[in-house]
Amino acid sequence: MRVALVLGSGGARGYAHIGAIAEIESRGHEVIAVAGSSMGALVGGLYAAGALDQYTEWVRNLKQREILRLLDPKWSAGGAIAANRIFAEVEDLIGQQLIEDLPMAFTAVATDLRARREVWFQRGPLLSAVRASIAIPGVITPVVMNGRLLADGGLMNPVPIEPTAASAADLTIAISLQGDRSAKDPSSPAREPATPTWREELVDRVRRTVGREREDVEPEPVEPDPLRISDVVGLSMDAMQGLIARYRMAGLPPDVLVTVPVSAARSLDFHRVTEMIELGQRLTAEALDASGH
């Protein structure tokens with residue numbers, strides 16, 4: 001069966017796409033078109049270029065310390081991470097391939113921040129298209145191309161089904177990385193009083209007392225849990241993209257939807273490669289079995 005494959009955005013959870021592809025191929029399906037946003041564009045581009053196996057072997061063998069070195073921090077730029085070292089490795093795998101020369105139709109989706117519109121890359125250098133699609137705002141530096149300031153495609157289209165709509169596929173399979181944290185999580189607005197709980201008040205009083213003893217100054221308000229900037233950005237992106245994905249897929253649903261919960265991994269948990277690959281393969285197998293494919 002000919003398949004149009006849609007790979008969604010979601011940071012490190014995108015390694016689940018590798019497992020999804022493995023499961024689809026194991027069933028004898030032929031992927032004829034791929035569209036992806038952010039990490040979905042990276043995995044999809046590597047797959048279309050025939051380099052996904054080599055990439056998978058490379059990332060499986062990376063240690064967490066090596067991953068941190070590859071992230072290439074750039075605190076004074078438009079994002080915390082330049083990702084130049086990562087894309088140097090990707091370039092070694094795919095070279096200077098053009099999208100139009102790939103053996104299957106491929107679309108990388110990015111967002112033009114100034115024009116506030118999607119950009120579909122379906123021609124030109126594959127590496128440049130993927131780099132533009134994966135620029136998570138505040139985390140990975142954006143790309144300036146043809147006068148456009150380009151960032152993560154997931155900002156406007158977290159699961160880009162539309163670019164595959166004209167393909168001659170028999171089946172559209174979409175892999176969303178924006179699943180609910182649990183089946184019990186309600187989607188309706190929460191109505192809560194603005195009063196902190198007794199536990200939060202106690203923690204705040206203790207920290208304020210300690211702060212006065214140390215510096216005799218009023219400390220800043222304290223978050224309920226220690227959070228990194230990347231955690232806040234990742235959680236914010238997940239909340240926004242989850243809502244956008246639900247609305248967009250309601251208008252153009254795929255034949256088979258594989259949903260990876262956001263709780264499976266944080267956006268920058270790139271050391272959890274094997275775990276995410278196995279999860280992606282298992283969830284894809286379950287979805288295909290349920291749909292009879």
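The model is predicted: local features need pLDDT of at least 70, side-chain atom pairs count only at pLDDT 80 or more, and totals for chains, interfaces and linings use all residues. Residues are numbered from 1 along each chain as its sequence is written, and side-chain values use heavy atoms, with hydrogens and water left out. Helices (H or I, at least four residues) and strands (E, at least two) are DSSP runs, numbered from the N terminus.

**Strand β9**

- Strand β9 spans residues 171-179, and nine of its nine residues are buried, so the strand is largely enclosed by the rest of the structure.
- Buried means under 20% relative accessible area, exposed over 50%, and partly exposed in between (1.4 Å probe, protein chains only).
- Strand β1 (residues 2-7) runs parallel to β9, joined by five bridges.
- Two strands pair if DSSP finds at least two bridges between them.
- Val 3 has Leu 171 of β9 as its bridge partner.
- Strand β10 (residues 256-261) also pairs with β9 in the parallel sense, over five bridges.
- Here Ile 175 stands opposite Val 258 of β10.

**Thr 284**

- Thr 284 belongs to helix α9 (residues 273-291).
- Its relative accessible area is 0%, so Thr 284 counts as buried.
- A polar atom of the Thr 284 side chain lies 2.7 Å from the backbone oxygen of Gly 280.
- Beyond its neighbours within four places in sequence, Thr 284 is in contact (heavy atoms within 4.5 Å) with Ala 20, Glu 23, Ile 24, Ile 175 and Val 258.
- Two of these contacts, Ile 175 and Val 258, stand opposite each other in the strand pairing.

**Helix α2**

- Helix α2 (residues 39-48) is mostly covered, with 10 of its 10 residues buried.
- Among them are Met 39, Leu 42, Val 43, Leu 46 and Tyr 47.
- The buried residues of α2 also include Gly 40, Gly 44 and Gly 45.

**Helices α5 and α6**

- Two packed helices are described by the angle between their axes and the distance between the axes.
- Helix α5 (residues 84-94) packs against helix α6 (residues 126-133) at about 145°, with the axes 10 Å apart.
- Axes are lines fitted to C-alpha atoms, for helices over the stretch in contact, and angles run from 0 to 180 degrees between N-to-C directions.
- From α5, Phe 87, Val 90, Glu 91 and Ile 94 make the contact; from α6, Leu 126, Leu 127, Val 130 and Arg 131 do.

Terms used. Polar contact = N/O pair within 3.5 Å; in protein donor to acceptor, adjacent residues only side chain to side chain.
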